[in-house]
Amino acid sequence: MNCVRLVNREHRLEADESRWTRELVWIDENTQLQPVCARALNDWITHCGGEAEVTFVSGWRSYDQQRTIMTETENERGWDYAHQFVAEVRASEHHTGLAIDLGIAGKDQDLICPDFSGPLADRMRECADQFGFIFRYPKHKTEITGISEEPWHYRYVGLPHAQIIADHDWVLEEYAAFLKAYTQARPYLYDDGQRRWQLWTQPLAETFPPTENTSVESSQLDESTCLFVKALDPDPIPEGRDRAWVELDGIALRHNLTVLRKAMAPHQEIMAVLKANAYGHGLEPTADFLSRQGVRHFAVATIEEAKVIRAINPTAEILILGYVPPQRAAEVSRLRLSLTLTSYDQACQLDQTGFTINAHLPIDTGMHRLGEAAEDLDAIVRYYSLSHLRITGLYSHLYEADNLDAEAVAHTQAQIDRFFHVADALKQRGIDPGRLHLQGSYGFLNYPELRCDLVRFGIALFGCVAPFRSRMELDLRPVASVHTRIAALRSLRKGEGAGYNHAWTAPCDTTIAILSIGYSDGLFRSSSFQGVEVLIHGQRRPLIGAMCMDQCLVDLGTLPAAIGEEVVVIGVQGSESISALEVAEKTGTIVPETLSMLRGRMPRILV
Ligand SMILES: *Cc1c(COP(=O)(O)O)cnc(C)c1O
């Protein structure tokens, strides 16, 4: 449950903005929000089908931004207007990162009065409370809020607050006044149709955070009162989360996109590399999400992967990075895919089929994988006279861009020089090389200054960059997390073995948990012998014994746990986290392998 501070307009926030901003995530180029608000907003907009239409006019505002808005409005519209419609510095709900101003794309957008109206706005208004939002300033409540109607302004208050407020047609102030009448001895009981809740308040001075009871959440109601919320029924198990599953953090993915776009030169575009089932994240949900965020170039390894993207995105450029036999020319042409010309023979055979084929030409600048040697310009130029091939891009691949040693940097620099030499030489001969691209994630992070048109981002999009391999420090966040549940618990005496071959014996009396995930879900079978841990109740516990195909074992020690509880294999739980990088390093591999091993049978759930 996401219970948030019900700070109202009268409440003076502390001068220290960092308390609110520590956790903010980027929603788009202009808007930052608290993660809990961003996530709920994402769900709300997706539910109403408004991804392309809703614009975020404003989210979190610093005091400086608020001051600027006030000054600008005073200058443009006069003092009276400004102080009627714009919140004073430190009195804005936007300072919390929990308030949003929404607009509809294409409608008139005023700095302080975005137009949030029309069928989509109505639809969103109707179900706002299901997602934890309240419509903050309705016209008929002007007297209570002291602010005129603002149909564009919503405030995240979480469940069940939003539903209670909606049920009673209250504003936040009325709800706060209502809650103050309820104490622990006589709590307010609320049934939202799925779960029953208990709510009560206590003076702040008397409040000790309940530590042992994790089902109770507390938050500050106002300057003097603490609010408690307790769910009387367990969280319902959402679809797909019963055995083992992968969660995709849409907010993190959007955040990474924004961060990368800001770091790139304005004319450069992202080519999202989604091979290997989008590095294990699930090709379909990832391609769909990125397409909605305006990504227009994709790269994959196979025609089958390209087909999935084409079905989602009819106009994007989809480049196949590997070999495609000429026999598939008809299909490639019909789907308007772009091929990599992997040899002159292949290119001639493709040309002879008579189908018009879009292609990018790879140049071997030192990796010795695909492409003509950068030195052999005549061999390169030949491709451009094949009349059925439309060569729209020139690219190469850096083979050690993630290595910061002086020698590796020199190799990379030589690759870069060779690549641009080819591009320039082609231009001198009157050949347009099309879009240039050379960098993958580490290529960009370590050589951001290159004059390329596209950057082929894979692992950086998914937020799993090794900091010690990159010069540029970008705030990239992991998108995927892997979850499972405890299937059974078992007490073992010292010396008793467990699992196949009794590869593990209890060093002392202990309890083990059986998890519903195994090597056929994509964990390395060796990982239980390599010190890999999982998170249970926010604590690290080691995998033990020989991992099974669909199950594995964990030594709980004295940690109390129950059947059915969620376990995090990769991701965050409480204040602990296990990154894909940690698992990769322990099992002697790299993050892309760890992630791309995750099998398709685990549902991918966009959160
Ligand atoms: C996989 C791949 C990429 C993406 O690499 P990351 O390091 O994950 O960004 C880029 N270019 C080519 C040619 C690739 O094969």
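Modeller: Start with Ser 441. An N or O atom in its side chain lies 2.5 Å from a ligand oxygen, a polar contact (a pair of N or O atoms within 3.5 Å). This is a predicted model, where local features need pLDDT of at least 70 and side-chain atom pairs pLDDT 80 or more, while totals for chains, interfaces and linings use all residues. Numbering runs from 1 along each chain as its sequence is written, and side-chain values use heavy atoms, without hydrogens or water.

Lys 275 also reaches the ligand by its side chain. There, an N or O atom sits 2.6 Å from a ligand oxygen. Ile 459 works through its backbone instead: one of its polar backbone atoms is 2.8 Å from an oxygen of the ligand. The ligand taken alone exposes 390 Å², and the protein buries 86% of that (Shrake-Rupley areas, 1.4 Å probe).

Now the wider surroundings. Besides Lys 275, Ser 441 and Ile 459, the residues around the ligand are Val 273, Tyr 279, Leu 321, Arg 369, His 397, Gly 440, Arg 456, Phe 457 and Gly 458.

The volume of the second largest pocket is about 870 Å³. A pocket is an open set of points on a 1 Å grid where a 1.4 Å probe fits, with protein on both sides within 12 Å along at least five of seven lines; lining residues have an atom within 4 Å of a point. Volume is the space filled by probe spheres on the points, joined across faces, edges and corners.

By class, the lining has 22 nonpolar, eleven polar (Gly among them) and eight charged residues. Domain 3 (267-469) and domain 4 (480-606) both contribute to it, so the pocket lies between them. Those bounds come from an automatic or database assignment.

One backbone detail remains. Asn 277 belongs to helix α10. Its phi is near 55°, a positive value in a residue other than glycine. Most residues other than glycine have a negative phi.

Notes: Near = heavy atom within 4 Å. Polar contact = N/O pair within 3.5 Å; in protein donor to acceptor, adjacent residues only side chain to side chain. Helix = DSSP H or I, 4+ residues; strand = E, 2+ residues; numbered from the N terminus.
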